[in-house]
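Biologist: I would like to learn how to read a structure, one feature at a time. Please give me the general idea, then the case at hand.

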Amino acid sequence: MTKDHHDDTDMTPAEVQDRIWELAKKIDICMFTTWDGERQRSRPLSARVHREEHAIYFLVDVEGHKNGEIERYPFVSLAWVDSGGHKYAVVSGKAKLSNDRGKITELWSDWDKAWWEDANDPDIRLITVTPEDGELWDSPNRAVSLAKMAFAAVTGATPDMGDNAKVDL
């Protein structure tokens with residue numbers, strides 16, 4: 001269901017939802033933003049996107065400010081950027097920190113060896129984000145965007161830069 005917002009898209013709310021989930025899974029690394037009570041803090045994290053579970057998972061270290069921030073202020077924001085393709089997705093939702101060893105093992109990949117020896121490392125924790133809403137900016141590629149902006153500059157018209165919409169997830 002769309003929220004009260006000036007959406008700039010011909011996409012249905014379901015299509016916007018599909019596109020947000022698709023971009024999040026494709027792009028992988030997102031900026032994970034928490035609140036510490038005074039300011040926002042963002043850091044890049046690898047997202048394990050599981051739409052069928054309505055969840056986005058992150059493997060993190062037991063140490064780190066984000067863990068305490070999530071426990072005090074569980075509402076977080078996740079932002080994915082495909083800057084070459086001018087595509088952006090943002091998801092907001094509630095995060096939960098856990099030591100779910102079964103899920104950690106299930107999500108483990110060889111890429112995680114850059115931070116931990118194996119899935120049994122006792123320092124690994126799981127963050128599970130349950131998405132509540134999302135926003136999409138799905139623009140044409142860079143060459144098309146530049147051409148549209150140049151045309152708009154010459155004609156004075158507003159360029160059509162692609163789809164923008166907010167939805168509940």
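Biologist: What joins the side chains of arginine 43 and glutamate 69?

Modeller: A polar contact, which is a pair of N or O atoms within 3.5 Å; within protein, one must be able to donate a hydrogen and the other to accept it, and residues adjacent in sequence count only if both atoms are side-chain atoms. The contact between the side chains of arginine 43 and glutamate 69 is 3.4 Å. The model is predicted, so local features need pLDDT of at least 70 and side-chain atom pairs count only at pLDDT 80 or more, while totals for chains, interfaces and linings use all residues. Residues are numbered from 1 along each chain as its sequence is written, and side-chain values use heavy atoms, leaving out hydrogens and water.

Biologist: With which side chain does arginine 43 make a polar contact of 3.0 Å?

Modeller: That partner is the side chain of threonine 34. Threonine 34 and glutamate 69 are also joined through their side chains, by a polar contact of 2.4 Å.

Biologist: In which strand does arginine 43 lie?

Modeller: Helices (H or I, at least four residues) and strands (E, at least two) are DSSP runs, numbered from the N terminus. Arginine 43 belongs to strand β2, residues 40-46, and threonine 34 to strand β1, residues 29-35.

Biologist: Does threonine 34 count as buried or exposed?

Modeller: Buried means under 20% relative accessible area, exposed over 50%, and partly exposed in between (1.4 Å probe, protein chains only). Threonine 34 counts as buried because its relative accessibility is 2%. Arginine 43 is buried too, because its value is 16%.

Biologist: Which residues does arginine 43 touch, not counting residues up to four places away in sequence?

Modeller: A contact means heavy atoms within 4.5 Å. Arginine 43 touches Cys30, Met31, Phe32, Thr33, Thr34, Lys66 and Glu69.

Biologist: How many helices and strands does the chain have?

Modeller: The chain has 4 helices and 8 strands. Their order along the sequence is α-β-β-β-β-α-β-β-α-β-α-β. Of the 169 residues, 40% are buried. Among contacts with a separation of 6 or more, 67% come from residues 24 or more positions apart.

Biologist: What is the C-alpha separation of alanine 24 and valine 49, 25 residues apart along the chain?

Modeller: Their C-alpha atoms are separated by 6.8 Å. Alanine 24 is in helix α1 and is buried because its relative accessibility is 1%. Beyond four places in sequence, alanine 24 touches Val49 and Trp80. Lysine 26 is in that helix as well, which spans residues 13-27, yet lysine 26 counts as exposed because its accessibility is 55%.

Biologist: Which phi does histidine 54 have?

Modeller: Most residues other than glycine have a negative phi. Histidine 54 has a positive phi of about 50 degrees. Histidine 54 sits in the loop between β3 (48-50) and β4, and is partly exposed because its relative accessible area is 27%. Histidine 86 also has a positive phi, about 55 degrees; the loop holding histidine 86 runs between β5 (75-82) and β6 (87-98). Histidine 86 counts as buried because its accessibility is 17%.

Biologist: How much space lies in the largest pocket?

Modeller: On a 1 Å grid over the protein atoms alone, a pocket is an open set of points where a 1.4 Å probe fits, with protein on both sides within 12 Å along at least five of seven lines; lining residues have an atom within 4 Å of a point. Grid points are joined across faces, edges and corners, and a volume is the space filled by probe spheres set on the points. The largest pocket holds about 370 Å³. Its lining has 17 residues, and those closest to the centre are Leu45, Ser46, Leu59, Asp112 and Trp115. The elements giving two or more residues to this lining are β2 and β4 (55-61), and β4 gives the most, with 4 residues.
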